[in-house]
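Hello,

Here is the structure for you to look through. My notes follow below it.

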Amino acid sequence: MKYITTLLLCLTLGIAHSQKTYILKGTVKDDVEKEPLIGATVSIDYGDQADFTDSNGNFTFVLPRKTVVITVRYVGYVPFRREVTLPLNDLDIELKLVENTLQEIIVSGVENQTVRRPIMGLSTLSMKTVEKLPSALGEVDLLKGLQMLPGISSVGEASNGVNVRGGTTDQNLMLLEDAPIFNPTHMFGLFSAFPSEAITSFDLYKGNVPARYGGRTAGILDIKLANPSMDKFKMQGGISFVSNKLMAEIPIVKKKIALLVAGRGSFNDFLFPIVSDQLKDLKAKFADGAAKLFYQINDKNTLSLSTYYSYDFFQTEILGTIGNINASSSQFQYETANFSGKWFYNISSKANIQTTLVSSNYQPNTLLPELNSKNVVKIKQNIDYKQLKSNLNIYEGKHNFEIGIDAIRYSINPGEIVPGTSESVLAITTPIENGIELGASFEDVIELNSKAKISLGLRYSHYLSMGPSAVNIYKENEPKNQISVLETIQYNKGEVAQSYGGLEPRIGFSYLLNESSSIKGGYNLARQYLQVISNTTTPIPTSRWKLSDLNIKPQVSQLASLGYFKNLSGNIYEVSIEAYYRKTNNIIDYKPGADFLLNPTPETEILQGVNSSYGTELMISKKKGEFTGWINYTYARSLNQVDEGPLLSQRVNFGQKYAANYDRPHTVNAALIINQGVHHDFSFNFTYSTGRPFTSPEGYIKYSNQVLPFYFLRNNNRLPDYHRLDFAWNIYNPNMRNRKFKGNFAFTIYNLYARKNAYSVFFRPLGNASKPYKLTIFGAPILSLAYKFKFNY
Amino acid sequence: MSLKILSLLKRAFLAIMLTAISCVEPFDKAFPASETIYIVDGRLTDNTSSNYVKLTLSKPVSTSFPTYVPVSGATVKVIVNGETDVSLTETSSGIYKFPSEFKGEVGSSYQLVFTLANGLLFESNLEKMNPASKINKVYHAFDERAIKLPEETLPGQYVYIDTKDEESTIDFYMWDWVLYEQQTYCQTCDRALYYNDASTGPLGECRPLSRDRDVIYDYRCDALCWEIISASKINVMNDQFSNGREIIGRQVAEIPVYQKVGALIEIRQYAINNNVYDYLRLVESQGQNTGGLADTPPATLAGNINSKDDIKQAIGGYFIVAAVDKQLYWLDKQDIPGTLPAIGLLGGRKVNPEPVNPADTSRPPLAPCINSDTRTVNQPEGWFTARQN
């Protein structure tokens, strides 16, 4: 009874309380002109009450609550939203014109410079945007973000890299602080291996490539780590379903020396046993870390030393096993250890010189534990890359010169068996491959007049295949095999076994049609002396890298592109259309059953041919305002032709053109970010693309008690189309207080409508038939929650 | 947020995902055959028992899978060392057998030549017989996940061998096996009852039930009977990484738990040549090792048979010439956990004997064990001795 009385009392008081009213008065103005905005919509508590401002920009409400949320909207202006405590008689609201705001997203080119720069196909997605985009399992993923841009695709979720404008994954040069990364993913493509928190910016060149870059034929992804804060200690970190992260910026000597360290580590075997019965045998963990020491020596000199380390371990059979070594399981372990040191010398306000020393080491191992034994047989591989380069920049009137030289030394261990105590396995080595790549470049960006700019670049590239080596000479026009070897030439250490090289023009121009639109074009030639040789859909971490030599010619690619660019409505919108044609000679394809593991003569399994890729990319982006985002459509083809001779073993598909594994003619990508003030935003990703090609049987045979598919033409069919919608809700600093410590949450749903996209279709014998199956990587909505914090001392 | 809560949330989400994600599922699309393919499955060893040539035609029909028609009436012979002809005789439709005492000899070369009833001539490459090394040891181990099917895994027993590789030669190995499991049920009738008396032939017959019911009955064998199960997986290896060494722990068979009583397995180790090895490796990568994240692109399986009369004719299969070493091994089932159910020998279906009717003790009748490719009434060679060991 006592409780009921109390309850009644409370209710009565509550009603009495709610009957009290409060006043809310205010004015809405333009933030620059300070002119009142007439007819702006003012709404209370998301539409509970609404009104328009009068001819003086004023509004008045009488409200029954003490705290309300007020929202003000006006066409062309950024909406205003705030929680206010009443009564309030003089709320001055100043709205910002959308076009005066900073760009929320930058998708193609530096802010507002897209139209003017004489460079095409430069995609600069800001790291901030990548962070806002939904990602699988809450791991911010640069490579997945890039695939939302036109011209960048992959073979599917488990792809060990990206395909840029019809190129293979190994035709891209991925640089982190100038050091190349040979394996850019963790967990066989599920996550990018870049330390996302420590990255400030990156450039992706898929069209015109500046002359200072060489050695790869498709895209250049140049990623820079942030410079650490020189005066304040900062720390940030996070936790997701997959990993823990931490990053710190530590000023060591204020304004002089500072250090940045970032690290990420996964939870052991985090997901797979639960996701699928198939993956029960899978064990996985990974880690990566980066550090950068920045030293401001004086006004003219700075020195920065960076290092990057990445580690992966996983046990799986889904990447195949080594048939000729008997083991109880297959384990992959690989690590990257990179280092770069950069000295920047400012000669004058018009000239500077940058000298960089780079070391990159990639070491993939296959571990094979033996049955009933503690011994583990190891197959070691190694890529050792050392580079020295220097670039001189001179700004002189209408010219902008860049002169560079660089030298790379490659040393590749293609494979070596370390048998341990094994009684079965022999210690086998494959000869170390050595090569030297030299480059000299010159580039001048010239402002011809107020409308026309031209960028003239020329690179000379020279490659030396170095001894010690034993080179087989094969009979001409015959399939390369042990029988067609005419002689074997031995080269000693320091001897040049073969050399290749030539000039590589890099030309770009832009012409302003008017203030807001331009046309641009370009032509590029690039040579590539180092490639992955792997007879699989996408290279695996232990795929072999091979230097060019007498029998494997360097790939040479030429790209011509033309585009039209336009800014609309005060740079709020940007529209572009680009078309390209790319031809690459000496691309690599494989004879049936090619196996490169410890193979001393990989050329006997390789066929070289021509790739032609072409496409048109249409992009519309909205860069400012409450809604930002982009939508693009790409039509692109990538066709290979391999015809070394008339025999079946010298050609693929009878020498006819066939679609490359990653040929996806139609692609639509859309990203939408709904900015809801400073405390949260929503974002959506949608992606659609034609299914990638695969080979389907044209007959079946019964052989050896099983029904086998019988194939004729490669890539004669396509997987079902791929599409997916993702959602992210980012909440920033939810307690809304401006403390030194701020926490953010990111809630994401990957594959919102649970499309079971096929990664591959394969056939397995079943009774009297060969049954088709499809493999899906993420066949359900993947929910995840990630937490991040920032601490500024 | 504390780590504990996050870890709890993590588990909850993962539990949801467990039910929602499936990695491999049947792909609902037909890939009908469009090519007519001659299939040659031939084998000649240095043992009289396992030599044959099987000719089949894979013919596209309107449905998704082709029909397999035995190729009868062909004239089949093997030319030994380019000199002597050995004729094969058709023992059953499309199956051609060597003369009973004929076997291959190490060091000799053999070429298969056959002419179809329509006059089309086919020839194999010249195949030389290499010596086989001996299997030194056979052993097995139970594994909870031994049988890996696209959509599930089953418990089973792995069978391993040890052998010594010959140092002076480059060796290519192939293994297969035959399993003999004792069969107690010899006849199955679907919506029918089995009769085996004077009114039927010696094999008996299934007669439809008087009232149609969805039921399948199984009938016991009237004598000892063995189910013959053959390897359907390709298993090949070369000695490039173990030349001259002991090859230890090569897995040669995965046997599901058919029954909880012991069985006999015959392991065969063949000495194949480089070309057979390359061919079978392709078969392996296209038929078995598919469905991974990094499959190799399929290619035409070009064997060692061709037809000069029609070079465009697609021909599948291989005429394999290889010396063989056979080992019998008693696969006891004592390491199989007692609680684990056996899948039986009826294709996964549980045995359902016809219920005994006390009023009619003449039923259910027993059924004869009929010799076939998959069943034998003859006690397998070594059944007794292997069991003693």
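Strand β1 (residues 22–30) of chain A pairs with β7(A) in the parallel sense, over 6 bridges. Strands here are DSSP runs of E, at least two residues long, and helices are runs of H or I, at least four long, numbered from the N terminus. Two strands pair if DSSP finds at least two bridges between them. Gly26(A) stands opposite Leu91(A) in β7(A).

This is a predicted model, where local features need pLDDT of at least 70, side-chain atom pairs need 80 or more, and totals for chains, interfaces and linings use all residues. Residues are numbered from 1 along each chain as its sequence is written, with chains lettered from A and ligands numbered from 1 in the order written.

Back to the sheet. It is open, has 3 strands in the order β4-β1-β7 (chain A), and its pairing is mixed. β4 (58–63) and β7 (88–95) of chain A each have a single partner strand, so one side of each lacks a neighbour in the sheet.

Now the contact between chains. It takes 74 residues from chain A and 76 residues from chain B. Residues are in contact if their C-beta atoms, placed from the backbone, lie within 7 Å. β48(A) also joins strand β1 (residues 24–26) of chain B through 3 bridges, and the two run antiparallel. There, Lys774(A) has Glu25(B) as its bridge partner.

Last, a helix. Buried residues of α2(B) include Val276(B), Tyr279(B) and Leu280(B). Buried means 20 or more other C-beta atoms within 10 Å of the residue's own, with C-beta atoms placed from the backbone. The buried residues of α2(B) pack against elements including β43 and β47 of chain A.

Best wishes

Technical notes: Contact = placed C-beta atoms within 7 Å. Buried ≥ 20, exposed ≤ 12 C-beta atoms within 10 Å, placed from the backbone.
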